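Please look at the structure shown below and keep it in view while you read. The paragraphs that follow move from the whole chain to one residue and then to the aromatic rings.

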Amino acid sequence: MKTLKTLFFLLSIALITFSCSSDDDKPEPIKYAEENPLDAYMAGSGFSQKAVDVKNSGIYEYGFSFKPTVTGKINALVVKIPDVNPTLRITVWDAATKTVIKSEVINVATANVTVEKAITPIALTKDKEYFFTVNSDDWINRTKTDGSAATYPIVAGNITITGYAYISSTAAETIFPTNARNTYYAGDMSFKFQQTE
């Protein structure tokens with residue numbers, strides 16, 4: 001009987017130790033690196049070949065539509081324009097409903113210098129289409145040297161760029177762009193995307 005009690009005691013200790021240690025052995029969740037799709041978009045489209053600064057040329061809402069190929073979030077906004085603008089507005093849209101998900105204002109204090117602004121993350125759903133725009137009268141106009149068109153979609157890491165569009169606007173308005181173009185890109189604006197699952 002004493003042997004049975006000792007055996008039971010040892011089994012109890014082993015079970016408690018095993019259950020406690022198994023909690024400690026859980027793998028750490030994967031933290032994915034942030035990615036900015038702009039460089040891959042410019043390379044894939046060929047629009048990195050020629051750039052012209054355009055300043056004070058009428059206000060437009062312009063940008064690109066995209067789909068994340070994984071679930072993730074936008075952690076920061078990135079912009080470079082050829083003029084100073086203390087109230088540059090960047091907007092993320094639901095492309096299907098043409099409604100604003102979030103707008104942020106960035107202070108561009110120096111022309112032609114990249115500005116990055118951390119934001120409260122914007123959750124993005126895998127394979128859902130979004131639109132990313134800026135409201136400005138300044139941009140860097142990028143084309144191919146021969147003026148030919150890009151073919152969409154363009155894969156840029158975990159982001160697939162599905163098109164580019166613009167619309168005439170005012171500083172006070174946020175209007176969904178409907179004039180699609182595939183022979184140039186006006187920018188530079190982008191974001192830092194991070195996969196979450």
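Among the elements of the protein, the lowest mean pLDDT, 53, belongs to helix α1 (residues 2-24), whereas the highest, 98, belongs to strand β4 (residues 72-79); pLDDT is the predictor's confidence in each residue, from 0 to 100. Where pLDDT is low, the predicted coordinates should not be read in detail. This is a predicted model, in which local features need pLDDT of at least 70 and side-chain atom pairs count only at pLDDT 80 or more, while totals for chains, interfaces and linings use all residues. Residues are numbered from 1 along each chain as its sequence is written, and side-chain values use heavy atoms, with hydrogens and water left out.

The protein holds 2 helices and 14 strands, where helices (H or I, at least four residues) and strands (E, at least two) are DSSP runs numbered from the N terminus. Four of these strands form an open, antiparallel sheet in the order β1-β14-β4-β7, and two strands count as paired if DSSP finds at least two bridges between them. Because β1 (34-35) and β7 stand at the edges with a single partner strand each, one side of each is left without a neighbour in the sheet. The antiparallel strands β4 and β7 are joined by 7 bridges, and Ala-76 stands opposite Ala-118 in β7.

Strand β7 (residues 115-124) also contains Lys-117, which is partly exposed, with a relative accessible area of 27% (buried means under 20%, exposed over 50%, and partly exposed in between, with a 1.4 Å probe and protein chains only). Beyond its neighbours within four places in sequence, Lys-117 is in contact (heavy atoms within 4.5 Å) with residues including Asn-75, Ala-76 and Val-105. The side chain of Lys-117 reaches the backbone oxygen of Val-105 at 2.7 Å.

Turning to the rings, the structure holds 16 aromatic pairs, meaning that ring centres of Phe, Tyr and Trp (its six-membered ring) lie within 6.5 Å, with planes under 30 degrees apart called stacked, over 60 edge-to-face and the rest tilted. One of them is the tilted pair of Phe-64 and Phe-132, at 5.6 Å centre to centre and 40° between the planes. This pair links strand β3 (residues 60-68), which holds Phe-64, with strand β8 (residues 130-136), which holds Phe-132, although the two residues are 68 residues apart. Phe-64 counts as buried at 1% relative accessibility, and Phe-132 is buried at 0%.

Methods: Polar contact = N/O pair within 3.5 Å; in protein donor to acceptor, adjacent residues only side chain to side chain.
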